[in-house]
Amino acid sequence: GDARFFGAVESEEPPDVAVARLAAQLARMESVTVLTRAEAWGLAGTTVRAHQVEMEDGRAAGRALTIRAKRVVLATGAIERLPVFPGNRLPGIGGAIAAFHLADRYGVWPGKRTIFNTPHNFGYRLALLANDAGLQVERITDTRVNPQSRFVDFCKASGIAMTFGLAPKAAVPAKSGGGGLSVRFAVAIEGVRQDSAAMRVDRFIAAGGWQPELSLWLMGGGRCGWNPRAAWLEAQGCVDGVVLAGSASGYRNCSACMQSGRSAIGALLGRPTAPIADRQIDAVYESPDGPTPVAMAGEPVRARSYLDAGFDMVARPTHRRRGPAAVFTAQPQPLGLEDIVAAVQAGDLPANEAGVVAAERCLGPGMIADSGWRVPPAPAGTAVIATPPAYLAGRFGPKPRLAIVGAGDARHFEPGCLIFLTSDRTDPARAIGVIVGSAPGGRSGGLALIGAASGGVGAKVYVRDSSGPVQAALLERLKAGQPAS
């Protein structure tokens with residue numbers, strides 16, 4: 001993961017050593033199957049869906065995996081957020097963790113002149129590593145006014161120019177010859193409205209704060225809510241047979257993340273667990289992280305302000321619309337967790353609604369075929385239809401029902417796909433239902449929670465997934481607790 005980017009806290013075991021030690025222990029365990037070059041991207045109950053890339057005759061080939069388990073530990077880590085300002089996804093702009101991995105794993109550092117902006121001390125650590133490698137670090141700017149850190153001191157001793165109290169305001173392609181970027185900063189002090197001179201660079205590393213990666217947790221039926229102290233969405237509630245560990249559950253240092261792994265296993269097996277000490281360096285020596293920078297709205301720059309660095313490309317609205325969560329009503333597509341968090345921080349989404357919006361929209365609809373590689377499934381007939389998630393109570397009328405929805409083209413709908421009466425509707429508020437799970441018996445389509453407006457068995461509806469509206473049919477209405485057929 002990203003442990004090597006953060007390093008060790010005081011005298012704890014360095015992440016490089018810890019990871020090597022744990023990997024060696026796993027390699028000696030005959031009962032453990034390690035799937036490398038694999039990404040788990042779907043979770044239904046305790047069934048994990050993954051994609052793995054293998055080499056076949058010297059060529060990369062992908063295969064889809066469905067892995068059925070009794071228990072699942074989600075140690076999916078945390079995501080670095082993208083600061084929000086016009087032009088924040090232009091070529092040459094990226095986060096600190098992505099820049100670290102690009103250099104550490106592949107030896108690539110695009111451009112010659114680099115400027116850093118950071119709200120945390122780890123941005124200095126990356127700049128110091130780059131400077132020690134002979135790369136040209138033009139300047140480090142920090143959104144905090146007077147940050148204290150051993151990394152700040154090391155950078156001062158290395159002669160790296162630093163400016164405090166600045167946040168990125170806008171970035172545009174440099175107009176004169178030679179390419180690169182022109183980056184403007186604003187003074188990040190409350191009540192002060194002043195800009196710095198534009199700086200021209202080849203590369204702008206814009207570091208942000210963190211968001212626990214909860215996509216699989218939400219997909220599996222978990223809940224989340226806003227944590228105002230940490231300024232992120234954190235997991236809430238429980239999911240049968242599924243637990244979180246490491247940074248995904250909010251822990252910071254490497255030792256605490258490893259302790260949380262042992263605690264997660266204990267919780268799954270019903271064993272007592274010990275308290276976890278997530279030690280942080282005292283604020284006198286290491287200033288706490290600042291919030292992820294968000295520029296003021298209304299900048300006279302044509303470039304768009306994107307809410308995160310993911311594939312969904314959700315942009316900050318150029319004007320406010322009425323109603324809660326209005327930032328998303330005009331963009332009816334799957335969202336990333338970072339989109340939700342950025343919208344809260346920008347004032348475009350009420351914090352108390354963030355968890356509900358995330359549960360409905362951060363589920364990554366898509367398709368996957370079963371390759372047949374799996375732990376033997378449970379005997380047929382023992383599965384039962386689950387009760388709909390509590391957060392959907394009242395969402396689709398007073399008496400919504402569970403139903404099986406069949407797709408006309410035999411695809412499988414992922415949880416979170418909204419259901420509409422017509423193909424031209426996109427407003428989430430006008431949805432009549434939502435896919436909440438897989439259809440029983442391995443059938444195509446999905447298990448839906450749907451309101452009375454859908455009509456009876458055989459009625460036509462439209463399920464919106466990542467490809468757009470898909471015609472589907474209401475095949476069967478069910479009751480919670482009914483055996484799956």
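Reader: Arg-37 first. Buried or exposed?

Author: Exposed. Its relative accessible area is 55% in this predicted model. That puts Arg-37 past the cut-off, because exposed means over 50%.

Reader: Where does Arg-37 sit?

Author: In the loop between helix H2 (15–27) and strand E1 (38–44).

Reader: And what is the phi of Arg-37?

Author: Positive, about 50 degrees. Arg-37 is not a glycine, yet it has that phi.

Reader: What about the phi of Ala-231?

Author: Also positive, at about 60 degrees, and Ala-231 is not a glycine. Ala-231 lies in the loop between strand E15 (223–227) and strand E16 (232–236).

Reader: How accessible is Ala-231?

Author: Partly exposed. The relative accessible area of Ala-231 is 26%.

Reader: Next, Gly-62. Which element holds it?

Author: Strand E3, residues 59–68. Gly-62 is exposed there, with 52% relative accessible area.

Reader: How far is Gly-62 from Ala-38?

Author: The C-alpha atoms of Gly-62 and Ala-38 are 9.3 Å apart. In sequence, 24 residues separate the two.

Reader: Ala-429, then. Where is it?

Author: In the loop between strand E19 (418–420) and strand E20 (433–437). Ala-429 is exposed, at 62% relative accessible area.

Reader: Switching to aromatics. How many aromatic pairs are there?

Author: The count is 9 aromatic pairs. One of them is Phe-5 with Phe-100.

Reader: Why is the pair of Phe-5 and Phe-100 called edge-to-face?

Author: The planes of Phe-5 and Phe-100 stand at 70 degrees, so the pair is edge-to-face. The ring centres are 5.6 Å apart. For edge-to-face, the angle has to be over 60 degrees.

Reader: Which elements does that pair link?

Author: Phe-5 is in helix H1 (residues 3–6) and Phe-100 in helix H3 (residues 96–106). The pair links distant parts of the chain, 95 residues apart.

Reader: Are Phe-5 and Phe-100 buried or exposed?

Author: Phe-5 is buried, and Phe-100 is buried too.

Reader: What about Phe-185 and Phe-204?

Author: They form an edge-to-face aromatic pair. Centre to centre is 5.7 Å, with 85 degrees between the planes. Phe-185 belongs to strand E11 (residues 181–187) and Phe-204 to strand E13 (residues 203–206). The two are 19 residues apart, and the pair links distant parts of the chain.

Reader: Phe-185 and Phe-204: how accessible?

Author: Phe-185 counts as buried, at 0% relative accessibility. Phe-204 is buried as well, at 0%.

Reader: Which residues form an aromatic cluster?

Author: Phe-5, Phe-6, Phe-100, Phe-122 and Trp-210 form one cluster.

Reader: Now charges over rings. What does Arg-203 lie over?

Author: The face of Trp-109, at 4.5 Å from the ring centre. Arg-89 has its charged end over the ring of Tyr-306, 5.7 Å from the centre.

Reader: On to helices. How do H4 and H5 pack?

Author: Helix H4 (residues 122–132) and helix H5 (residues 150–157) pack at about 30 degrees. Their axes are 8 Å apart. H4 and H5 are therefore roughly parallel. The cut-off for that is under 35 degrees.

Reader: Is the crossing of H4 and H5 left-handed or right-handed?

Author: Left-handed.

Reader: And H9 against H10?

Author: The axes of H9 (residues 337–345) and H10 come within 10 Å and cross at roughly 155 degrees. That makes H9 roughly antiparallel to H10. The crossing of H9 and H10 is right-handed.

Reader: How many residues of H10 are buried?

Author: In H10 (residues 354–361), 7 of the 8 residues are buried, so the helix is largely enclosed by the rest of the structure. Among the buried ones are Glu-360 and Arg-361. Ala-354, Gly-355 and Val-357 are also included.

Reader: Last topic, cysteines. How many disulfides?

Author: The structure holds 0 disulfides.

Definitions and conventions: Residues are numbered from 1 along each chain as its sequence is written. This is a predicted model: local features need pLDDT of at least 70, side-chain atom pairs count only at pLDDT 80 or more; totals for chains, interfaces and linings use all residues. Side-chain values use heavy atoms; hydrogens and water are left out. A disulfide is a pair of cysteine sulfur atoms within 2.5 Å. Rings of Phe, Tyr and Trp (its six-membered ring) pair if their centres lie within 6.5 Å; planes under 30 degrees apart count as stacked, over 60 as edge-to-face and the rest as tilted. Helices (H or I, at least four residues) and strands (E, at least two) are DSSP runs, numbered from the N terminus. Buried means under 20% relative accessible area, exposed over 50%, partly exposed in between (1.4 Å probe, protein chains only). A charge sits over a ring if NZ of Lys or CZ of Arg is within 6 Å of the ring centre and within 35 degrees of the ring normal. Axes are lines fitted to C-alpha atoms, for helices over the stretch in contact, and angles run from 0 to 180 degrees between N-to-C directions. Angles under 35 degrees count as roughly parallel, over 145 as roughly antiparallel, 65 to 115 as roughly perpendicular and the rest as oblique. A crossing is left-handed if the near helix is turned anticlockwise from the far one by less than a right angle, and right-handed if clockwise.
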